[in-house]
Structures are given as C-alpha cells and as structure tokens.
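Please keep the sequence and the structure in view while reading.

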Amino acid sequence: MQTTRTQDAIALVESSTAHNYHPLPVVVAEAEGAWVTDVEGRRYLDFLAAYSAVNFGHRHPQIVAAVKTQLDRVTLTSRAFHHDVLGPFARELADLAGKELVLPMNTGAEAVETGLKVARKWGYEVKGVPEDQATIIVAEGNFHGRTISVVSFSTDPVARTHFGPFTPGFRVVPYGDAAAMAAAIDDTTVGVLVEPVQGEAGVVVPLPGYLAEVRRLCDERRVLFIADEIQSGLGRTGTTFACEHEGVVPDLYLLGKALGGGVVPVSAVVGNSDVLGVIHPGEHGSTFGGNPLACAAGRAVVAMLATGEWQRAAVELGAHLHARLRELIGHGVVEVRGRGLWAGVDINPELMSGREACEALLAEGVLVKDTHGSTIRFAPPLVVTRDEIDLAVDALGRVLAARGA
C-alpha cells in the first residue's frame, strides 16, 4: 500500500525518537504568521502558537532579520567571554520589566530552576533561614516544566509517576486560595511560586485580588514572590506581564517561550540586585545561556513589546475571541475561561474528549491542543485577524454540531 508523505514522516519519528509526546497527525513543513503548511501542501490556522512561544507569529520579519544579521557575526562564545549583544539585551529586558538585573538561560524549565535556586540562596544568605531548611510554596494544578525538581511539586500524576525520589522543600496549596497560602508560610519559607494564569491546567484565571493578596503576604512575611510568566507573559494576556492586571510586581519574573520570538530558545529570570545579586561566579550558569543569537532574538522581541501595539492587539482581538467562544456555551461548550488572546474551552465530555475535538478541528484546518480531559486551548499568535478568529470558532461550531450539540 502506498503511503503519504505525512505517514512516512510520522513513521520515521515514531521509529527514531522516544515517545514522550503524542502529537496530532500533521507534519508541518512551512509557516508564516498565523498559518502553517504541511508536507502535503495543506494549510492550517495555528491556534496554539507553540504554547505561546510564537506570540508574534511564525517567522516574524523583524525577529528573523535580527537573527539573520547576528548569524553573520557570532553565534556562541559561552559566558567564559563577553560579547557585544548580551549587555544591550539584558538592559532592555530589565527596563521592560522595571527591574535591574537579568539572568539569561535557554528554556522555561531552566528559568524555573534558576528562580528556585535564587530563592533558596536568598533565603539562607539574606533572610537567615537555617541551612537546608528552606521551603517554597507552590499551587495545585501548576505546570512549571518537567525536571526532577519541578515534577517534585507537580500535582499531575502523569508527570510524577516513577520519577521519584523527589526533591524536598516544597509545599502545595490550592490555586487561588490566599488563606491556604498564608497558613502554609512559616519562618522557613523563602518564596511563593505561582502562574498568574495557569496555562496547562486549562487557562485558569484566579479570582480578582488573589495576586495582590499574594504580594501583600510576601511583603508581610518577607518572602519572595516569583511569577512564572513563561506562558502568560510578553503580551499574551493583553499586558506585557499578566501580573499587571492586578497592578502587582513580583520579586522575580520567570520568562521564556515568546522571549525567543519562536526562532531560538531564550529564557530569563528578571529581578533586582538585592535578590539576583546573591548569585556569584561558578554558582549557576549555562553554556548557551545569553548566547549572541538568543540575545539578538530577545532584543527584537523586547523592542516590539516596548511599543505597546502587541498588548493592545491582544486586548482587542482577545475580546472578540472570547465573545465568539461564549456563543458556543450551551451548544457543546460548557465553559470558557481566559484573558487576552488565550482561552480554555471546556467541551461537553458527553460529546467528545479534548483530543477528539482537536482531531476534528485538524480536519477543519485548525490546530489547537487539548489538556486534562475535555478542555482545549485557544492561543493564536498575536498577528491573528478577526476573520481568522471567526474561521477557527466557526470550525469549532461545526465540529460540535456534527456531534449533536
């Protein structure tokens, strides 16, 4: 039997890589803006945007131009030497966040691990917590990556099973429950790590006042507020950082994904010198962290965000996205949550699972991703248009109607 290019490509992946993902059966060959094209020449609207890593669309010309220019100069020196792009990138990113210092890394998980290390070291050297007794408060339903330390405080059994023994020093409280957080903080607590919006949990937005109360608790109890803005930050929710919706400034921002413009992996921890200043030479680092190519991409992203136009687009287009999705409530959709151009859509589980909804939308030419049963996520690039939003939501409507909604 003759196979298609798609089948051949998927078969090669299945036979050559570890099976740590279960992707939809589409093989992307080209992409531009909000659209991707597969190896058969079919086009799809990308409404996942690589989990917000492609906030500015595929191959945004400003980011691609910056990276191409840097490719002709120097791509890697390691941090054993200085290079001429790191300083400008760090200064510009720090200014965007209203902070003093940047510690550059590569992936989101590395940014989280870095934030945890910084918080512990600050706790011992500044707060005076007894050695090896530091604790960090985290939230149920969290997703901060998949390293051993991070899955140590995950509440997802898939992320944890058969990966122990786990790293100690974490306390888990319900997300959005400031009273539970207050009860969990004691003299050993050095940090509180939360996502301003929980992405992997289904785009869960806490009740108004929660982030402000976390900030107040941290100030009152001398604890660092660490905001994981790896998915929620850099324009996705309609502000540069999702914490801004409550006028809150954390002690540390954890950034990644969109910081590399969908071109190269770039992450960073951003804070002030009284916190990030506890890290000294030899205590933390990465060969590729802050490399020239990454810094060139990051500088382009920061410059784009500094104009405010991307945040405004997320507000205006996000309002349209949510209005259109809410029209489907009672017609196969149970609930719609989210902020800006980011929505968690709960499908009636009696109709189909989230995976089945994604497969049906794939057939309609729309790429989305499921999470936790019957929930799917809509996170289009910020370059999406109203018409493209309508195309995607109308496709979901047809999928639900075909199941009898």
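This is a predicted model: local features need pLDDT of at least 70, side-chain atom pairs count only at pLDDT 80 or more; totals for chains, interfaces and linings use all residues.

**Nonpolar cores**

The largest nonpolar core comprises 71 residues, and Ile376, Phe378 and Leu396 have the most contacts inside it. Helix H11, spanning residues 292-306, gives the most to this core, with nine residues.

Ile376 may be considered in more detail. When its neighbours within four places in sequence are left aside, Ile376 is in contact with residues including Ala343, Val345, Ile347, Leu361, Val368 and Leu396. Lys369 and Asp370 are also among the contacts of Ile376.

**A buried glutamine**

Gln70 belongs to helix H3 (residues 61-71). Its relative accessibility is 5%, and because buried means under 20%, Gln70 counts as buried. Not counting residues up to four places away in sequence, Gln70 touches Val85, Pro292, Leu293 and Ala296.

**Aromatic pairs**

A pair of aromatic rings is described by the distance of the centres and the angle of the planes. Across the whole structure, a search finds five aromatic pairs. The table gives two of them.

| Pair | Centre to centre | Angle between planes | Class |
|---|---|---|---|
| Phe47 and Phe378 | 5.8 Å | 85° | edge-to-face |
| Tyr175 and Tyr210 | 5.6 Å | 70° | edge-to-face |

Phe47 is located in the loop between strand E3 (43-46) and helix H2 (49-52), while Phe378 is in strand E15 (residues 375-378), so their pair ties together parts that are 331 residues apart in sequence. Phe47 is buried, with a relative accessible area of 0%, and for Phe378, also buried, the value is 0%.

Tyr175 is found in the loop between strand E6 (170-173) and helix H8 (178-184), and Tyr210 in helix H9 (residues 210-221); their pair therefore ties together parts that are 35 residues apart in sequence. Both Tyr175 and Tyr210 are buried.

**The second largest pocket**

The second largest pocket holds about 430 Å³ of space. It is lined by 18 residues, of which Arg79, Val102, Leu103, Pro104 and Ile279 are the closest to its centre. Helix H4 (86-97) and strand E4 (101-105) each supply at least two residues of this lining. E4 gives the most to the lining, with five residues. By residue class, the lining divides into ten nonpolar, six polar and two charged residues.

Technical notes
Residues are numbered from 1 along each chain as its sequence is written. Side-chain values use heavy atoms; hydrogens and water are left out. A nonpolar core is a set of buried Ala, Val, Leu, Ile, Met, Phe, Trp, Tyr and Cys residues joined through side-chain atoms within 4.5 Å. Buried means under 20% relative accessible area, exposed over 50%, partly exposed in between (1.4 Å probe, protein chains only). Helices (H or I, at least four residues) and strands (E, at least two) are DSSP runs, numbered from the N terminus. Contact means heavy atoms within 4.5 Å. On a 1 Å grid over the protein atoms alone, a cavity is a set of points where a 1.4 Å probe fits but cannot get out, and a pocket is an open set with protein on both sides within 12 Å along at least five of seven lines; lining residues have an atom within 4 Å of a point. Grid points are joined across faces, edges and corners, and a volume is the space filled by probe spheres set on the points. Ala, Val, Leu, Ile, Met, Phe, Trp, Tyr, Cys and Pro count as nonpolar, Asp, Glu, Lys and Arg as charged, and the others, Gly among them, as polar. Rings of Phe, Tyr and Trp (its six-membered ring) pair if their centres lie within 6.5 Å; planes under 30 degrees apart count as stacked, over 60 as edge-to-face and the rest as tilted.
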